[in-house]
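Reader: Hi! I'm new to this one, could you walk me through it?
Author: Happy to, let's have a look together.

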Amino acid sequence: MTNDQTQENHVTTGATVWLTGLPSAGKTTIAHELADRLRAEGHRAEVLDGDEIRAFISAGLGFTREDRHTNVQRIGFVAELLARNGVKALVPVIAPYADSRDAVRERHAKNATPYLEIHVATPVEVCSERDVKGLYAKQAAGELTGLTGVDDPYEEPRTPDLRIESQHQTVRESAASVHALLTERGLA
């Protein structure tokens, strides 16, 4: 294989990087930082933001367990399709239920598409202080129910490919740890 072929394979190998964690854990911020770094290296990278997906692909779905499962499966389908076609699909989506995440992982395995599960394991106390979208404040005021990790379940991954405690490092350091894992797996 020539150096040009190696570079082409290096840049066009797709993968899904699923960042799961509580609301305001830092998933989306880390994903955007990582996407910028990957693009600067010549990779094709897309961030499939959970809020954007809900607005366009999963419009009309609520937050019941069934609707959350359907949403995760839709996102997983799109991510696998992108990854199978040479894109690094970065997916900062809560995906609170282990069986939903497992189904996405299985879809990727069935198609031999690389999949990494990253647990952004920021404690609920830190997330509620960050409260990027004001969800914790609304929940505390009684204006919102079903907040993942507060009054709705969040099943932490038992064996993620990487666990990040974002409260102990910068966004750049968190993204670098995901990049290091991609590199270790031959995906970056």
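Author: A definition to start: the radius of gyration is taken over C-alpha atoms, and the globule rule is 2.2 Å times the number of residues to the power 0.38. This is a predicted model, where local features need pLDDT of at least 70 and side-chain atom pairs count only at pLDDT 80 or more, while totals for chains, interfaces and linings use all residues. Residues are numbered from 1 along each chain as its sequence is written, and side-chain values use heavy atoms, leaving out hydrogens and water.

Reader: Thanks! So what radius of gyration does the protein have?
Author: The protein has 16 Å, which agrees with the value near 16 Å for a compact globule of 188 residues.

Reader: And how many helices and strands?
Author: There are eight helices and five strands, counted as DSSP runs (helices H or I, at least four residues; strands E, at least two) numbered from the N terminus.

Reader: Let's pick α5. Which of its residues are buried?
Author: Ala98, Ser100, Arg101, Val104 and His108, where buried means under 20% relative accessible area with a 1.4 Å probe, protein chains only.

Reader: What covers them?
Author: The cover includes β1 (15-20), α4 (65-84) and β4 (115-120), going by contacts, meaning heavy atoms within 4.5 Å.

Reader: What comes just after α5?
Author: Ala112, with a positive phi of about 55 degrees.

Conventions. Buried < 20%, exposed > 50% of the residue type's maximum accessible area, 1.4 Å probe, protein only.
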